[in-house]
Amino acid sequence: MALLSDLINLNLSDCTKKIIAEYIWIGGSGMDLRSKARTLPGPVSDPSKLPKWNYDGSSTGQAPGQDSEVILYPQAIFKDPFRRGDNILVICDTYTPAGEPIPTNKRYSAEKIFSNPAVVAEEPWYGIEQEYTLLQKDVKWPLGWPTGGYPGPQGPYYCGIGADKAWGRDIVDAHYKACLYAGINISGINGEVMPGQWEFQVGPSVGISAGDELWAARYILERITEIAGVVVSFDPKPIQGDWNGAGAHTNYSTKSMRNDGGYEVIKKAIEKLGKRHKEHIAAYGEGNERRLTGRHETADINTFLWGVANRGASIRVGRDTEKAGKGYFEDRRPASNMDPYVVTSMIAETTLLWKP
């Protein structure tokens, strides 16, 4: 008698060339990932070779009921760590039947910026540090915390080990390996300052691929926590009080910054970011004001400042960059629930295209 696990793990290549493609898109809230699967006649590695598809936008808050069809355009392909074999995950963006991007399609505008010749020539690299909190499913309280109560104060949990310091490591390691399997350029993981909170890093990734890879990594994390019966939260301040919030620090460099003399280019870019601080903050994630208080390794939301090795600054420059006279900087302002298409393209637009 076959077990359910046996059927889930069937190797389709034993009997058919057909594959399963999981089409993934972002729903109406801007953070609710959606997906559905379809059968294709054979393996596909180029998103332009995939068929467009559609869904009921009235059920995702993206279209009215009387005209509900939204069209999915495949944009990036990753190997499927759940079905394995030649099966794939497909990151899509969303359009009306007439071919116009719908308002929640942030990838479309980002791609226009990243395809600008001045931006292409500078090869913008991104490394995004995605923090998140694992919650107990029924009580929506952090994993490892006593129900309705609190653990000991912050200190031993950051990069901590042990049953009294780290909770959810099986989920975190499963996600790490699944992302590597998928072809996502995930570069590391670590336990964070608040117990039950973790971080993974995606990058360095070039241009629009940073957003594609981060969304794919978020999707895989949501699927793994679904299997584990745990809820993942990207809220920038899931627990009020003397606890660290959750961010998505975005590391950035251009070809000019990575070359000799790059430190001066970095300082000019930071100056531009300072002049558009309010615009960036407005686009860096909902509820970010609860996190950017000036405490817990952040700058105050209304203050822009930068410094070398300063984790309380808006922009941090590493000591290695200062010493080498070239390298990258870290924008510490984005919240954990930011849209990577918005943040990465906005940084590129401000530093490379905007004329003060």
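I searched the whole structure and got 18 salt bridges (a side-chain nitrogen of Lys or Arg within 4 Å of a carboxyl oxygen of Asp or Glu). This is a predicted model, where local features need pLDDT of at least 70, side-chain atom pairs count only at pLDDT 80 or more, and totals for chains, interfaces and linings use all residues. Residues are numbered from 1 along each chain as its sequence is written, and side-chain values use heavy atoms, with hydrogens and water left out.

I looked up Glu22 and Arg83, whose side chains form a salt bridge at 2.7 Å, N to O. The pair links distant parts of the chain, 61 residues apart. Glu22 sits in strand S1 (residues 19-26). Arg83 sits in the loop between strand S4 (69-79) and strand S5 (88-95). I take helices (H or I, at least four residues) and strands (E, at least two) as DSSP runs, numbered from the N terminus.

**Entry: the S4 to S5 loop and the annotated span**

I found Arg84 in the loop between S4 and S5. Arg84 is not a glycine, yet its phi is positive, about 60°.

I then checked the record. An unreviewed UniProt entry annotates residues 19-99 as "domain: GS beta-grasp". Such annotations may be inferred rather than shown by experiment. Residues 19-99 are 0% helix and 48% strand, and their end C-alpha atoms lie 27 Å apart.

**Entry: H4 with H5**

I compared helix H4 (residues 169-182) with helix H5 (residues 208-228). Their axes come within 10 Å and cross at roughly 135°. Axes are lines fitted to C-alpha atoms, for helices over the stretch in contact, and angles run from 0 to 180 degrees between N-to-C directions. H4 and H5 are therefore oblique to each other (under 35 degrees is roughly parallel, over 145 roughly antiparallel, 65 to 115 roughly perpendicular, the rest oblique).

Which residues of H4 meet H5? I listed Ile171, Ala174, His175, Ala178, Cys179 and Ala182 in H4, against Ala217, Ile220, Leu221, Ile224, Thr225 and Ala228 in H5. Contact means heavy atoms within 4.5 Å.

**Entry: H2 with H10**

I turned to helix H2 (residues 106-114) and helix H10 (residues 340-353), which pack at about 30° with axes 9 Å apart. H2 and H10 are therefore roughly parallel to each other. H2 brings Lys106, Arg107, Ala110, Ile113 and Phe114 to the contact. H10 brings Tyr341, Val342, Thr344, Ser345, Ala348, Glu349 and Leu353.

**Entry: a cis peptide**

Where is the cis peptide bond that I noted? The bond joins Gly203 and Pro204, with omega about 0°. I placed Pro204 in strand S8 (residues 197-206).
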